[in-house]
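Okay, thanks for coming, everyone. Let me put the model up on the screen and then walk you through it.

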Amino acid sequence: MRAQKNRPRIGAFFDMDKTLIAENSGALFMRYRYEQGQLSGWELASGLGAYLRYKIGALDIRAWTADAMQQFAGESERALVREANVWFEERVAPTIYPEAEEIVRSHLKEGHVVAIVSGATKYVVKPLAARLGVKHILYTRLEIEHGRFTGRVIEPICFEEGKIYWLQQLVEEQNVDLAKSWFYTDSVTDLPLLELVGHPVVTNPDPRLYRVAVRRHWPVRFFTPPERKRRGGELPDPGAVVAEVGAPSEDA
C-alpha cells in the first residue's frame, strides 16, 4: 500500500484562453466593464491595443500587468467575485470549446491531476474550473489587504517562466511525473512549459507556435468555436487533428 501511495501521478495541464475557451478572457472582461460604465473608451482602447501587441510579441506583459491591475486598487474582493461570476455566465461560458471540455473529462476520468494554468486572475479562472470540474488552478495573484485590492501583483505573474514556478509547487505537492504528463496551449509564450512535459499538445496555435509544433512533430488540434457550431452550415470536423492525439491513459 505504501508503494501505491507514493506512486508518481500523471498531470494534465491546460492554458485557458484559446485553449479551453474560444476568446481572450481579458478582452471580454474589458468590454464588459466598459459596457457597465467601469472603464472609459480610452481605457478600453488602450487595453485592446495592449492585447494586439501581446499577440505579435511586442508587449512587456509583466509591466503591463502591474499597471493594469491598478484599476482594482481599493475595490472589494467580494464585489469583484460577484461581478466576475455574472460576467462568466454571460460572456465566458458560451465560449467553452466542447472538444476541450471532452478532453478535460477524459483526463479526470483517468484520475490525472488536472489543472488550469493561466496568466489571468482567479476571478476569471475559478468559475471556469468549477464549470469543468477541475480542482487545481494556477493564476496571477493580486495582493489583498482587509478584503480590498491594493493594486499590486504578487510576483511572479503566472506567465512564461512564472507558470513553471507555480506549477512546480503543484507538481511537488501532488507527486506528478512531468515525463508522463500533458500540457495543452495555443501560445508560443508557453513553450518553456511545453518542453517540460512528455506530452505537449498544441491547440488552436498562434503562427509562431504552429511552426514550432510542425518542426518538432508535436500533435496539433484545431477546435471549432462554439458560436460557429450554432450557426450551422458546412463546418470542418470538430475533431480534426493534424497529428492525432491518443486518449490519455495511465501508462502514457
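If we skip its neighbours within four places in sequence, Glu77 is in contact with Lys122, Tyr123, Ile144, Gly147, Arg148 and Phe149, where contact means heavy atoms within 4.5 Å. Glu77 sits in helix α5, residues 77-92. Glu77 and Leu142 are 65 residues apart in sequence, yet 9.9 Å apart in space, C-alpha to C-alpha.

Now the ground rules. This is a predicted model, with local features needing pLDDT of at least 70, side-chain atom pairs counting only at pLDDT 80 or more, and totals for chains, interfaces and linings using all residues. Residues are numbered from 1 along each chain as its sequence is written, and side-chain values use heavy atoms, with hydrogens and water left out.

How confident is the predictor? The protein chain averages a pLDDT of 84, and 80% of the residues score at least 70; pLDDT is the predictor's confidence in each residue, from 0 to 100. Over residues 229-252, though, the pLDDT is below 50, and this stretch has 45 contacts in the model beyond near neighbours in sequence. Where pLDDT is low, the predicted coordinates should not be read in detail.

Overall, the protein chain has eleven helices and seven strands. Those are DSSP runs numbered from the N terminus, with helices being H or I of at least four residues and strands being E of at least two. Of the 252 residues in the chain, 48% are buried; buried means under 20% relative accessible area, exposed over 50%, and partly exposed in between, with a 1.4 Å probe and protein chains only. Among the chain's contacts with a separation of 6 or more, 61% are between residues 24 or more positions apart.

On to the sheet. The seven strands form an open sheet in the order β4-β3-β2-β1-β5-β6-β7, with mixed pairing. β4 (148-154) and β7 (220-221) are at the edges with a single partner strand each, so one side of each has no neighbour in the sheet. Two strands count as paired if DSSP finds at least two bridges between them.

What does β1 pair with? β1 runs parallel to β2, joined by four bridges, and Phe14 has Ile116 as its bridge partner in β2. β1 also runs parallel to β5, with three bridges joining them. There, Ala12 is partnered with Trp182, and Phe13 with Phe183. In β1, Gly11 and Phe13 point one way, Ala12 and Phe14 the other, and all are buried.

Moving along, β5 (residues 182-185) pairs with β6 (residues 199-203) in the parallel sense over four bridges. In β6, Phe183 has Pro200 as its bridge partner, while Thr185 has Val202. From β5, Trp182 and Tyr184 point one way and Phe183 and Thr185 the other, and again all are buried.

Over at β4, things run antiparallel: four bridges join it to β3, residues 136-145, and Arg141 stands opposite Ile154. The hairpin of β3 and β4 has two residues between the strands, and His146 in that hairpin takes a positive phi near 55 degrees.

Next, helix α6. Residues 98-109 make up α6, which lies across β1 (11-14), β2 (113-121), β5 and β7, at about 160 degrees to β1. That angle is between N-to-C directions, on a scale from 0 to 180 degrees, using axes fitted to C-alpha atoms, for helices over the stretch in contact. Buried in α6 are Glu99, Ala100, Glu101, Ile103, Val104 and His107. Just after α6, Gly111 takes a positive phi of about 85 degrees.

Finally, the inside. The largest nonpolar core has 45 residues, and the ones with the most contacts inside it are Phe14, Met16, Leu20, Trp87, Ile116 and Leu128. Helix α7 (residues 122-132) gives the largest share of this core, six residues. A nonpolar core here is a set of buried Ala, Val, Leu, Ile, Met, Phe, Trp, Tyr and Cys residues joined through side-chain atoms within 4.5 Å. Take Leu20: leaving aside neighbours within four places in sequence, its contacts include Phe14, Ala100, Val104, Ile116 and Leu128. There's also a second, separate core of 25 residues, which includes Val113, Cys158, Leu191 and Leu209.

That's my tour, thanks.
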